[in-house]
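Have the structure open as you read.

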Amino acid sequence: MKTMKNSLFTLILTLSVSILAHDNHLHGNSDEWQIKAYTSAAPAFIGDHATVISDAGKVLRQGTNGWTCRNLVPMPDGGFADAHASAAACSDPNAVAWVEAYIADKTPKLESDGWIWMKHGDLGVDNFKPYTDGQKDAGHKHYIESGAHMMLMPKDPSSLDGQTTDYTTGAPYVMFKGTKFVHLMIPLEGYYDYQPEAAPK
Ligand SMILES: [Cu+2]
């Protein structure tokens, strides 16, 4: 009887541990999951040496190359469904200043142009309206759910004046034109995976 109780206890313990481990894996909220998801927004030769910030703002890993990887949208209860939903991004120091300005709704002040890698894409925005992140079904006219891309965050917003805002040609295009958050989107392979109807015909 004692042995049976013991083995039942062991079974229940094993089951709970594996359910918990599975849960973390599915919901993308463990430190390990966050490091993997966020750093893989850049090529490994950058992501592997980058600092990683958790959703809670904690440094999960100190990097050595000046790049910082983190999520750009807040984590929902239970964690992210996948890296795409987290808007994982790896930014150089100038782009970090841009991201902080966007979060705080302040005018970005950059020392030089900044760069951001987003190989997992994100849940999208209206190309002309800041702070429409993830509002896919809100009826925005120029909503684009991005696949893999890079972004150039300009020190001088007027440097992008001559560039197109058309996101359906595959060429680099301007996002948030006429606002303090204007920047250049650079589509990479797979950019239109989440919105094939916007892809070049
Ligand atoms: Cu953008």
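Ala 95, Val 96 and Trp 98 are the buried residues of helix α5 in this predicted model. Looking down the axis of α5, the buried residues fall within an arc of 160 degrees, so they line one face of the helix. On the face turned away from that buried side you'll find the exposed residues Glu 100 and Ala 104. The helix itself covers residues 93–104, and its 12 residues reach 17 Å from first C-alpha to last, close to the 16 Å expected. Just past the end of α5, Asp 105 has a positive phi of about 55 degrees.

What do the buried residues of α5 pack against? They pack against β3 (68–71), β4 (88–91), β5 (114–118) and β8.

Now for the sheet. It is open, has 8 strands and mixed pairing, and runs in the order β2-β1-β3-β4-β5-β8-β10-β9. β2 (59–61) and β9 stand at the edges with a single partner strand each, so one side of each has no neighbour in the sheet. From one strand to the next, the twist averages 30 degrees. α5 packs on this sheet, and its direction makes about 80 degrees with that of β5.

Over at the β9 end, strand β10 (residues 183–187) pairs on both sides. β8 (residues 149–153) runs antiparallel to β10 and is joined to it by 4 bridges, while β9 (residues 173–175) is also antiparallel to β10, over 3 bridges. Here are some of the partners:

| Residue | Opposite residue in β10 |
|---|---|
| Val 174 | Leu 184 |
| Met 175 | His 183 |

Nonpolar side chains tend to be buried together in soluble globular proteins. Here the largest nonpolar core has 30 residues, and Ala 41, Cys 69, Ala 88, Ala 89, Cys 90 and Ile 116 have the most contacts inside it. At least two core residues come from each of α2 (31–39), β4, α5, β5, β8 and β9, and β5 gives the most, with 4.

Setting aside neighbours within four places in sequence, Cys 90 is in contact with several residues, among them Thr 39, Ala 41, Ile 46, Trp 67, Cys 69, Ile 116 and Trp 117.

Key
Residues numbered from 1 in each chain as written. Predicted model: local features only at pLDDT ≥ 70, side-chain atom pairs only at ≥ 80, totals over all residues. Pairing = 2+ DSSP bridges. Expected span 1.5 Å × (residues − 1). Buried ≥ 20, exposed ≤ 12 C-beta atoms within 10 Å, placed from the backbone. Arc of directions from axis to C-beta. Contact = placed C-beta atoms within 7 Å. Core = buried A, V, L, I, M, F, W, Y, C linked by C-beta atoms within 7 Å. Axes fitted to C-alpha atoms, helices over the stretch in contact; angles between N-to-C directions.
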